[in-house]
Amino acid sequence: MASVPCVLLTSCAAGFNEDELVTQVIGAEQLPAPVQEAEEVRQYPWRIDNKYYSANVNICIVPSTAHVTTQVAESVQAFVVYFDSTVKSGLEKVSPWLPLLEDWLLDVMILVCDRACDTGVNRQTAQEWCIQHGFELVELNPEELPDEDDDFPESTGVTRIIQALNANVWSNVEMKSEQSYGIFSSLTAMNHSTESNGDPQDNVLVSSGATTVPSTEQGRAGDSGSHSDSQIDTIVDPMLDLDIRELASLTSGEGDLENFGRLFNKLQEMKDKAASLPHEQRKLHAEKVAKAFWMAIGGDRDEIEGISSDEEN
């Protein structure tokens, strides 16, 4: 019998209560009994049930790399790590996990802290670290909250962690419709295609939200043109999967005014994200979004093969 996939949750900060975070993620009033507890590794069941699919996963609390069992290593499909942002060495304590993560090649990796700290690890430093290592930064209690006047404000804290984990494609997923299956399988194929086109470490995952890749990461003046283009081509936004799924769902939904309004706002949101990119990256980003959306709604890959931003109209 195949093992249940797991979210590996660990803390590199003394005094952080992992159990409390697990309780909030699974939406329970109190922590359930662990399904397994051995060698300081605790596993708690979580039933993910959303509009697209359902899946049973375990949230595994693992104190350190030394406690990673064979079972956990074979079943881990997402990684969440909490670090102490109040000390400058906070990110250094996450480093021991990086070699394992390079082997696991996970789609969802989240770096969590209470909030960025100017006297410890500030937001820019944390974001640059996330870009370098393919994580998404989530602050549980950010100093600046999203604008409440926005129709679709950016999610933060535990809500964002839940969204990211819901956006993962779990190995035991049970799809609720043929359309949902098409969306997820297309996106999975895209992810695998991206990984197989080069060294996974060449892929740069941009953290979600209003943040953009710092100019030093977007392209260094000393880099050759071909190398810069190669780096740009492998940029993957960890929010792109979720955006495409939502866009495809809204497009195929009921044609009422409310649904149209949500679709319009989603398109505007994605347009605003692309507008923050340099010109060349913006063209490539638009191309990737168009191709991904076409596949997500069931389009034939052969019909878009050869389409490139380099083509002239």
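Predicted model: local features only at pLDDT ≥ 70, side-chain atom pairs only at ≥ 80, totals over all residues.
## Contacts along the chain

The chain has 313 residues, and 42% of them are buried. Buried means under 20% relative accessible area, exposed means over 50%, and partly exposed lies in between, with a 1.4 Å probe and protein chains only.

The secondary structure comes to 11 helices and 10 strands. These elements are DSSP runs numbered from the N terminus: helices are H or I with at least four residues, strands are E with at least two.

## How the model was read

Local features need pLDDT of at least 70 and side-chain atom pairs count only at pLDDT 80 or more, while totals for chains, interfaces and linings use all residues. Residues are numbered from 1 along each chain as its sequence is written, and side-chain values use heavy atoms, with hydrogens and water left out.

## Helices α1 and α5

Helix α1 (residues 18-26) packs against helix α5 (residues 157-166). The angle is about 65°, and the axes are 9 Å apart. Axes are lines fitted to C-alpha atoms, for helices over the stretch in contact, and angles run from 0 to 180 degrees between N-to-C directions. From α1, the contact uses L21, Q24 and V25; from α5, it uses V158, I161, I162 and L165. Six of these residues are nonpolar, one is polar and none is charged. Nonpolar covers Ala, Val, Leu, Ile, Met, Phe, Trp, Tyr, Cys and Pro; charged covers Asp, Glu, Lys and Arg; the others, Gly among them, are polar.

Helix α5 is mostly covered, with seven of its 10 residues buried. They are G157, V158, R160, I161, A164, L165 and N166.

## The cavity

The count comes to one cavity of 30 Å³ or more. A cavity is a set of points on a 1 Å grid over the protein atoms alone where a 1.4 Å probe fits but cannot get out; lining residues have an atom within 4 Å of a point. The largest cavity has a volume of about 60 Å³, taken as the space filled by probe spheres set on the points, which are joined across faces, edges and corners.

Its lining consists of V7, L9, L21, V22, V25, I59, V80, I161 and L165. Strand β1 (6-11), α1 and α5 each give two or more residues. The largest share, three residues, comes from α1. The lining has nine nonpolar residues, no polar ones and no charged ones.

## Loop residues

A13 lies in the loop between β1 and α1. A13 counts as buried because its relative accessibility is 11%. Beyond its neighbours within four places in sequence, A13 is in contact with Y82, F83 and D84. A13 and S85 are 72 residues apart in sequence, yet 8.8 Å apart in space, C-alpha to C-alpha.

G90 sits in the loop between β5 (76-82) and α3 (98-104). Its relative accessible area is 2%, so G90 is buried. G90 touches F83, D84 and V121, leaving out residues up to four places away in sequence. G90 and A13 are 77 residues apart in sequence and 7.8 Å apart in space, C-alpha to C-alpha.

L105 lies in the loop between α3 and β6 (109-113). L105 is not a glycine, but has a positive phi of about 50°. L105 counts as partly exposed because its relative accessibility is 39%.

Methods:
Contact = heavy atoms within 4.5 Å. 1 Å grid on protein atoms, 1.4 Å probe; cavity = no way out; pocket = protein on both sides within 12 Å on 5 of 7 lines; lining within 4 Å.
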